[in-house]
Amino acid sequence: NPLLDIPLISAMASPLFCFSADDLAAIRGVDKRCAFYEALKRHNGEKSRAFVQTLSRLRQVLRGNSLTALLEEILISTGMEGVYAAMDGGDIRISHIQAFYQLAADFEAGGNRDLGSFLEHLESMEEKGLITVGEQGEKMADLEDMASDVIAFSDDGRGVQNEEMMRQAMLRAKALGKMIVAHCEVNELLKGGYIHDGDYARQHGHRGICSESEWVQIARDLELVEQIGCKYHVCHISTKESVNIIRKAKAEGLDITCETGPHYLVMNDMDLQEDGRFKMNPPIRTAADRDALIAGLLDGTVDCIATDHAPHSAQEKAKGLEGSAFGIVGLETAFSLMYTHLVKKNILSLDRLIELMAIAPRRRFGIPLGTDFCVWDLHEEWTVRPEEFLSMGRATPFAGDTLLGKCHLTVCDGKVVYKV
């Protein structure tokens, strides 16, 4: 997301609060409300399985007890320190615990105390903002029902494979005055790849992801945009072909925007190491792709720089390039990386960088600038030490790098939310 960090709650290590994989489907509706479902889904791994097993145990413990009482018992028995210590990677914010707590409290306020009914209630809640149901690409989501609650529609992290499905989504989004936000990826072109299909992959015996897997779907979508006239935004572009296709479409007057990520602007595939912290999707591509993306920033083809922040546990990122999960963290390095490598090298002006990272994303998504601000010391030099991150996700390819520019204060909605 080019605007917001949405941290994840990990499963809490209480013997009372246990979910199996089957139960995760039953609480899917909470996903977009407080990130609780996604956290359980992502962290239902080997280490967390010891305390993420069966909902039947929770049902037995609950019996006549209230849901809110159960949550209180969990937090009291573990303590806030215990909640943090029990995390299996990922990010946590107390506000997300409170959000889930509030869902339970609201449900009970209606006279309901039964866990099974609560899960049915959660299951009935619509996931907000999706193009297709469950991001599966098989059935169109109810865009009309969600329209009042969202600013755009996206299957986030998955490309819509069916052209007619995307056509219908664009038609309905246009009628609703909403934008389509697309992760563009042709599944049949992936062929089991996990890094860019380039020199590094060939030299080290890795399966590659070809550039066509990205730009072919962008080209398809832009043909549809030309026919339909809907607003459209492309997430995290990484190839020179994508830049050229989007540049041409903009010249033709299409209402489209796009973003790229800091890592695509600083690295190329020959900078890779045999380490999961260098694995993300789309992958880091060639020097020619990097240079094309920078050119796109300079001529206005690329509208935003977004982190694509994806926190994972150490276990998920400890399996090398092939076995590790896709995704790196970027919130705590993004501005400093861009300031050090683009502004200080006179490639990009500071004003343009602020436009790309703070102003253009809000303008495109209709989010007011308001009075939010942050204070930076642009002369302060610092070393990237993942163990010092606020995020519990520590996987970054920039560990050990020395950067310029340090944030000292962040104010959001009139409140100090970060201060050195």
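The model is predicted, so please read every value as computed from it. The protein has 420 residues, 52% of which count as buried. Its secondary structure comes to 17 helices and ten strands. Of the contacts with a separation of 6 or more, 70% are between residues 24 or more positions apart.

**How α9 meets α11**

- Helix α9 covers residues 163-176 and helix α11 covers residues 212-228; the two pack with their axes 10 Å apart, at an angle of about 40°.
- That angle makes α9 oblique to α11, and the crossing of α9 over α11 is right-handed.
- On the α9 side, the contact is made by E163, M166, R167, M170, L171 and K174.
- Their partners on α11 are R220, D221, L224, V225, Q227 and I228.
- Sorted by class, the contact between α9 and α11 has six nonpolar, five charged and one polar residue.
- As a reminder for reading such lists, an α-helix has 3.6 residues a turn, so residues three or four places apart point the same way.

- Helix α16 spans residues 334-343, and because nine of its ten residues are buried, it is largely enclosed by the rest of the structure.
- The buried residues of α16 are A334, F335, S336, L337, M338, Y339, T340, L342 and V343.
- Among the helices that these buried residues pack against are α13 (262-266), α14 (287-299) and α17 (350-365).
- Strands take part as well: the buried residues of α16 also pack against β7 (304-305), β8 (373-383) and β9 (402-412).
- T333 sits in the loop between α15 (320-323) and α16.
- With a relative accessible area of 3%, T333 is buried.
- Setting aside neighbours within four places in sequence, T333 is in contact with W382, V384, F389 and L403.

**Cysteines**

- How many disulfides does the structure hold? The number is zero.
- C304 is buried, with a relative accessible area of 1%.
- C210 is also buried, and its relative accessible area is 15%.

**A loop glycine, G193**

- G193 is found in the loop between β2 (179-182) and β3 (195-196).
- Is G193 buried or exposed? It counts as buried, at 13% relative accessibility.
- Not counting residues up to four places away in sequence, G193 touches R207, G208, I209 and F326.
- G193 and E322 are 129 residues apart along the chain, while their C-alpha atoms are separated by 8.4 Å.

**A358 in helix α17**

- A358 lies in helix α17, one of the elements that the buried residues of α16 pack against.
- A358 itself is partly exposed, with a relative accessible area of 35%.
- From C-alpha to C-alpha, A358 and F373 are 9.9 Å apart in space, and they are 15 residues apart in sequence.

Methods
Residues numbered from 1 in each chain as written. Predicted model: local features only at pLDDT ≥ 70, side-chain atom pairs only at ≥ 80, totals over all residues. Heavy atoms only, no water. Axes fitted to C-alpha atoms, helices over the stretch in contact; angles between N-to-C directions. Helix = DSSP H or I, 4+ residues; strand = E, 2+ residues; numbered from the N terminus. Parallel < 35°, antiparallel > 145°, perpendicular 65-115°, else oblique. Left-handed = near helix turned anticlockwise from the far one by under 90°. Contact = heavy atoms within 4.5 Å. Nonpolar A, V, L, I, M, F, W, Y, C, P; charged D, E, K, R; others polar. Buried < 20%, exposed > 50% of the residue type's maximum accessible area, 1.4 Å probe, protein only. Disulfide = S-S within 2.5 Å.
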